[in-house]
Amino acid sequence: MALSKNKEIIEPEDVFIGNHKAAVTITFYMDYESLACLHANEVVRTVFEQNGDTIRLNIRYFPLTNKHQKAMKAGEPAVAGSLEGKIWEQHNILFDHRKNL
């Protein structure tokens, strides 16, 4: 875990969803308690659903711990889900329950 201007960054193994040979990679930095990230997730999910065979998505966790005290812990099951091949499912569950993490 690294610290950048008072923000902790969870450094999981590279978490990619989609075509690993795609020419286009979207990197999505998120905080599971953030309302803005929730809205961005809807856009990213739509883009991925429409273009999943031609892009890959790199999910990175960047919890704003000074505002969202539960966001750091919320990233841990997402990282675990990625190691089990269930990152997309875990990712959506966390966003769906972001008010009750």
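Me: Contact means heavy atoms within 4.5 Å. Which strands does helix α3 lie across?

Reply: Helix α3 (residues 87-96) lies across β3, β4 and β5. The helix runs at about 50 degrees to β5. Such angles are taken between N-to-C directions and run from 0 to 180 degrees. The axes are lines fitted to C-alpha atoms, for helices over the stretch in contact.

Me: What kind of model is this?

Reply: This is a predicted model, where local features need pLDDT of at least 70, side-chain atom pairs count only at pLDDT 80 or more, and totals for chains, interfaces and linings use all residues. Residues are numbered from 1 along each chain as its sequence is written, and side-chain values use heavy atoms, with hydrogens and water left out.

Me: What makes a stretch a helix or a strand?

Reply: Both are DSSP runs, numbered from the N terminus. A helix is H or I over at least four residues, and a strand is E over at least two. The protein has 3 helices and 5 strands. Along the sequence they follow the pattern β-β-β-β-α-β-α-α.

Me: How do you know that β4 and β5 pair?

Reply: Two strands pair if DSSP finds at least two bridges between them. β4 and β5 (residues 55-61) are joined by 7 bridges and run parallel. Val24 stands opposite Ile55 in β5. Met30 stands opposite Tyr61 in β5.

Me: What makes β3 a partner of β5?

Reply: The rule of at least two bridges again. β3 and β5 have 3 bridges, in the antiparallel sense.

Me: Why are β3 and β4 called edge strands?

Reply: Look at the order first. The open sheet has 3 strands, β3-β5-β4, with mixed pairing. β3 (16-18) and β4 (24-30) each have a single partner strand, so one side of each is left without a neighbour in the sheet. From one strand to the next, the twist averages 25 degrees.

Me: What makes β5 largely enclosed by the rest of the structure?

Reply: Buried means under 20% relative accessible area, exposed means over 50%, and partly exposed lies in between (1.4 Å probe, protein chains only). In β5, 6 of the 7 residues are buried, so β5 is largely enclosed. Across the 101 residues of the protein, 41% count as buried.

Me: Why does Lys99 count as exposed?

Reply: Its relative accessibility is 69%. The cut-off for exposed is over 50%, so Lys99 passes. Lys99 is found in the segment after α3.

Me: What is Thr54, then: buried, exposed or partly exposed?

Reply: Thr54 has 45% relative accessibility, so it counts as partly exposed. Thr54 lies in the loop between α1 and β5. It touches Ala22, Ala23 and Val24, not counting residues up to four places away in sequence.

Me: What makes a set of residues a nonpolar core?

Reply: The members are buried Ala, Val, Leu, Ile, Met, Phe, Trp, Tyr and Cys residues, joined through side-chain atoms within 4.5 Å. The largest one here has 20 residues. Ile17, Met30, Tyr32, Leu57, Ile59, Tyr61 and Ile87 have the most contacts inside it. β4, α1 (35-51), β5, α2 (71-83) and α3 each supply at least two residues of this core.

Me: Why is α2 called roughly antiparallel to α3?

Reply: The two pack at an angle of about 160 degrees, with their axes 7 Å apart. Angles over 145 degrees count as roughly antiparallel, under 35 as roughly parallel, 65 to 115 as roughly perpendicular and the rest as oblique. So α2 is roughly antiparallel to α3. The contact is made by Ala74, Pro77, Ala78, Gly81 and Ser82 of α2 and Ile87, Gln90 and Leu94 of α3.

Me: What makes a crossing left-handed or right-handed?

Reply: It is left-handed if the near helix is turned anticlockwise from the far one by less than a right angle, and right-handed if clockwise. α2 and α3 cross in the right-handed way. α1 passes α3 in a left-handed crossing.
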